[in-house]
Amino acid sequence: MILIVDDNQSNLYSLQKLLESKDFQVETAGSGEEALGKALKNDYALIILDVQMPDMDGFEVAETLADYSKTKDVPIIFLSAVNTDKKFITQGYASGGKDYVTKPVDPEILLLKVKTFYNLQEQNIAMKKTQQNLELEVKGRRESQVTMKSQIDHFHLMLESLPQIAFTLNEEGIVDFVNGKWYQYSDNEQDFPETHPDDHNISEELERCRKKGKALELEIRIKNIISGHYRYHLLRVTPVYDEHRIKNWVGTFTDIDDQKKVEKEKDEFLSIASHELKTPLTSIKAYVQLLERKLKLDKESPEAGFVTKVQTQIEKLNTLITDLLDVSKIENGKLKINKKPVNLENVISNAIETILQTHEQQVKIERHGTKPDILIPLDEIRIEQVLINFLTNAVKYSPHNNQVIVTTFVDHEAQEVRVNVTDFGIGIPDFKQDAVFKKFYRVEESSLQFQGMGIGLFICSEIIKQHHGSVGVSSIVDEGSTFYFTLPLN
Ligand code: ADP
């Protein structure tokens, strides 16, 4: 908007019409005082100011406007009829004017000047706005930097108070913070603690996980620099995301050495106990068989029934001890797999037959899918053990439904065969499904109702792992479960 100031109404009117004809918005003031009042209230891009006015002349108005921050930068064009002297023109510029036009006004020249100043002022205002925005942004950034720094300090303080060794890595995987406990295992911030020669290399493992953007979890022995002894630690390194992008990584080493020792002692005890139990049990089994043969009991007699019951219990005990022995073999890396080409369908039929024969209650096992009537390299006894385990569980954990479905899929493209065992039993809660393959894990809700040691699925998963296959489960509580394993065709 433009303000025209002149005490002569006809001048005011003609100038106003001239500018409005070129689409400028115009306001007028008939005196210096009125002009000041308007200029302080409104925003003008330009003021056209007559010099000769009674009471307050144009120069005074310009000087006063220059004293106010709101108006000091508004450009002024002076109009003067008489003061064409150099002296007046100089005074005009000195009092804050941007141009000096003498009357009679040449409308075209005036319009050109007005346009130029108007545009210049518009650009000025736009630039000022941008500058203000920039200043605001810089201020905001500075504030958020301060907040971030205090958050980081707080976070470091928290890491310092942890009982574990804690550290952080930047985006590039370089250590940028360590807590005090770090220095019990490393003498400087850059170097990871020294690991046992038989264990993984931390930097290599970290680099692999960093490239995949995945968390790292590793049991590893690291050397205490004071005692010189290696202690088992659980190393966990987790990515920290900032809007889907990994910002940095937080890592901890938790000392699990005592726990590892206890675990080792327990494994040793289990191994010794199962070996020691196996020998007398084998003798008992042999003597009962001998007794049965010698006594030649009538099959219908109660005594023959007792002998059969003794044999069933011996078989149960034998399975338990064999499972425990398998666990200790797995622990010691001695679970041997003897692969040779075997028809998988035959193995499945045998396992189903065994289950049907050994279960007193009525069990219905349906067979679905493409039959893997092909030779696959596998350990027949071990794969049958996995199937029997899946089927036994399917029956055991379905007290109100005796139907089980075995489905097979042969995927030539993926070069694998998949075996599903589906039941309609009690099911397993979502968050416990992965854990059922862990050693000695039993689902708490059902552990009292059903007998077991929680090692069957652990052994199954180890057997399948050694065949380079995979195991898994999908399940819905009170609807049933599907346990599966896959085996590579070659
Ligand atoms: P066990 O049956 O001797 O406890 P397993 O290792 O075979 O040991 O199974 C581990 C746990 O997984 C079981 O205790 C049970 O809680 C759960 N589980 C296994 N199979 C099933 C199934 N078919 N339905 C529901 N829960 C199951």
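I started at the backbone: a polar backbone atom of Gly456 lies 3.2 Å from an oxygen atom of the ligand. A reminder to myself that this is a predicted model.

Next I looked at side chains. Tyr397 has a side-chain N or O atom 2.7 Å from a ligand oxygen, and for Lys396 I found the corresponding distance to be 3.1 Å.

I then asked how much of the ligand the protein covers. On its own the ligand has 530 Å² of accessible area, and the protein covers 96% of that.

**Who lines the site**

I counted 22 residues around the ligand. Those that come nearest are Asn393, Tyr397, Asp423, Arg442 and Leu457.

Which elements give two or more residues to this shell? I noted helix H10 (380-396), helix H12 (456-466) and strand S17 (480-488). H10 gives the largest share, with four residues.

**A look at the annotated domain**

Away from the ligand notes, I checked the record. An unreviewed UniProt entry carries the annotation "domain: PAC" for residues 216-268. In the model, I find that stretch to be 60% strand and 23% helix.

Note on methods
Residues numbered from 1 in each chain as written. Predicted model: local features only at pLDDT ≥ 70, side-chain atom pairs only at ≥ 80, totals over all residues. Heavy atoms only, no water. UniProt positions renumbered as here; feature names shortened; annotations may be inferred. Near = heavy atom within 4 Å. Polar contact = N/O pair within 3.5 Å; in protein donor to acceptor, adjacent residues only side chain to side chain. Areas by Shrake-Rupley, 256 points an atom, 1.4 Å probe, with all protein chains shown as cover.
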